[in-house]
Amino acid sequence: MRRISRTLITAAVVAGVIAGTAGWASGNSQEAVTGAPAGTVAWRAAGLPDPERMDPAEVARFFAGLSPVRQRELARRHPTVVGNLDGAPLELRYEANARSTRGEFGGARVLAHDPRGRGQVALVYGDLARAEHVAVIVPGSDVDADRVRPLADMATELRRATGGRTAVVAWAGYTTPVGVGLDAATGRLAEAGADRLTRFTDGLAAVGAAEPSVFCHSYGSVVCGLAAHQLKAKDLVVFGSPGMRAENVSELGTSARVWAAKDPTDWIDRVPNVEFAGLGHGADPTDPAFGARRIPAGDAAGHGGYFAPGTASLRAFAAIAEGDVR
């Protein structure tokens with residue numbers, strides 16, 4: 001009987017997570033892209049240090065020991081490696097990725113571009129090296145290198161709302177779920193994404209960029225929740241979140257301030273905030289019992305409207321990014 005009850009609960013969670021999101025949207029199971037960058041075999045064959053054996057601080061020290069001429073030579077010969085090495089000089093990564101992407105992403109500077117799988121990319125708006133404030137936006141489902149426009153729009157709206165004073169990174173740096181299915185209901189892809197996000201923020205620290213505020217949308221908040229205990233961030237801001245795989249802020253194990261927003265028309269509100277047998281993502285971060293600081297979002301519309309110009313949520317996001325709130 002106990003086994004039957006668990007099966008029924010599991011089925012209810014799956015049905016709630018999927019049907020509760022305004023209907024079934026077929027989701028194909030995705031294979032997370034992990035490991036060293038594309039082109040690493042040739043990099044290693046040239047006698048260069050193994051990227052998988054260096055953390056971002058060690059990467060930074062390696063490049064600091066090279067002459068500018070040698071750095072640029074490596075960027076020309078191994079653009080897909082240099083362009084994706086967290087801890088490498090920012091300008092060198094931009095140069096390497098410009099060779100790989102050839103203007104594919106418009107006016108943004110490309111800090112990372114991994115062509116494997118559906119493709120991953122990190123787009124920078126503003127001067128990441130000199131900005132006093134930095135924001136990183138982590139997306140939810142259905143975002144990749146070919147479908148990055150909604151995320152890029154969030155980044156440009158946030159930068160505009162700060163008067164151009166904050167450098168913003170649109171970080172599509174992990175394999176996101178496609179559609180609403182089991183990938184979105186489990187933490188498998190989020191676990192791989194958390195490792196990549198942690199390394200990314202370590203890389204920002206290694207090159208001296210300002211400690212970022214990290215904004216996490218939808219399934220991206222699951223990524224941020226799993227990364228929180230290691231993430232170098234001054235703020236964690238989740239919005240449209242199905243849960244962070246924690247029951248409260250203290251379980252996140254972070255010294256960052258934790259903020260949460262959910263507008264009244266967001267379909268995510270119909271997703272059960274439970275976690276059972278690996279399905280579901282736990283407590284609602286906007287529940288007062290969770291302990292996050294609540295962000296007003298009453299005038300945002302739907303699951304993707306939090307960065308709409310003129311909304312209270314965007315104004316609050318800008319104030320957090322600029323350090324204007326306590």
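**A charged pair and its surroundings**

Mentor: Asp284 counts as buried, at 13% relative accessibility. Buried means under 20% relative accessible area, exposed means over 50%, and partly exposed is in between, using a 1.4 Å probe on protein chains only. Two notes before we go on. This is a predicted model, where local features need pLDDT of at least 70, side-chain atom pairs count only at pLDDT 80 or more, and totals for chains, interfaces and linings use all residues. Residues are numbered from 1 along each chain as its sequence is written, and side-chain values use heavy atoms, with hydrogens and water left out.

Now the partner. Lys262 is buried, with a relative accessible area of 11%. Asp284 and Lys262 form a salt bridge, 2.6 Å from N to O. Both lie in the loop between β7 (257-261) and β8 (293-294), so the pair ties together parts 22 residues apart in sequence. Helices (H or I, at least four residues) and strands (E, at least two) are DSSP runs, numbered from the N terminus. A salt bridge here is a side-chain nitrogen of Lys or Arg within 4 Å of a carboxyl oxygen of Asp or Glu. Side chains of opposite charge can pair when their charged atoms come close.

By this rule the count is 21 salt bridges. Take Arg77 and Glu73, whose closest N and O atoms are 3.1 Å apart in one of these bridges. They sit four residues apart in helix α4 (residues 68-77), so about one helical turn separates them. Arg77 is exposed, with a relative accessible area of 60%. Next, Asp114 bridges to Arg116, with 2.7 Å between the closest N and O atoms. Asp114 is buried at 3% relative accessibility, while Arg116 is partly exposed at 27%.

The covalent link comes next. A search of the whole structure finds one disulfide, a pair of cysteine sulfur atoms within 2.5 Å. Cys216 and Cys224 form it, with their sulfur atoms 2.2 Å apart. Both cysteines are buried. The link is left-handed, at -95 degrees about the S-S bond.

On a 1 Å grid over the protein atoms alone, a cavity is a set of points where a 1.4 Å probe fits but cannot get out; a pocket is an open set with protein on both sides within 12 Å along at least five of seven lines; lining residues have an atom within 4 Å of a point. Grid points are joined across faces, edges and corners, and a volume is the space filled by probe spheres set on the points.

One cavity of 30 Å³ or more turns up. The largest cavity has a volume of about 40 Å³.

The largest pocket has a volume of about 570 Å³. It is lined by 28 residues, and Gly35, Asp86, Asp195, Arg196 and Arg199 lie nearest its centre. The elements giving two or more residues to that lining are β1 (109-114), β2 (120-125), β4 (166-172) and α9 (188-206). Helix α9 gives the most, with seven residues.

The second largest pocket holds about 450 Å³. Among its 27 lining residues, Gly140, Ser141, Ser218, Trp267 and His303 are closest to the centre.
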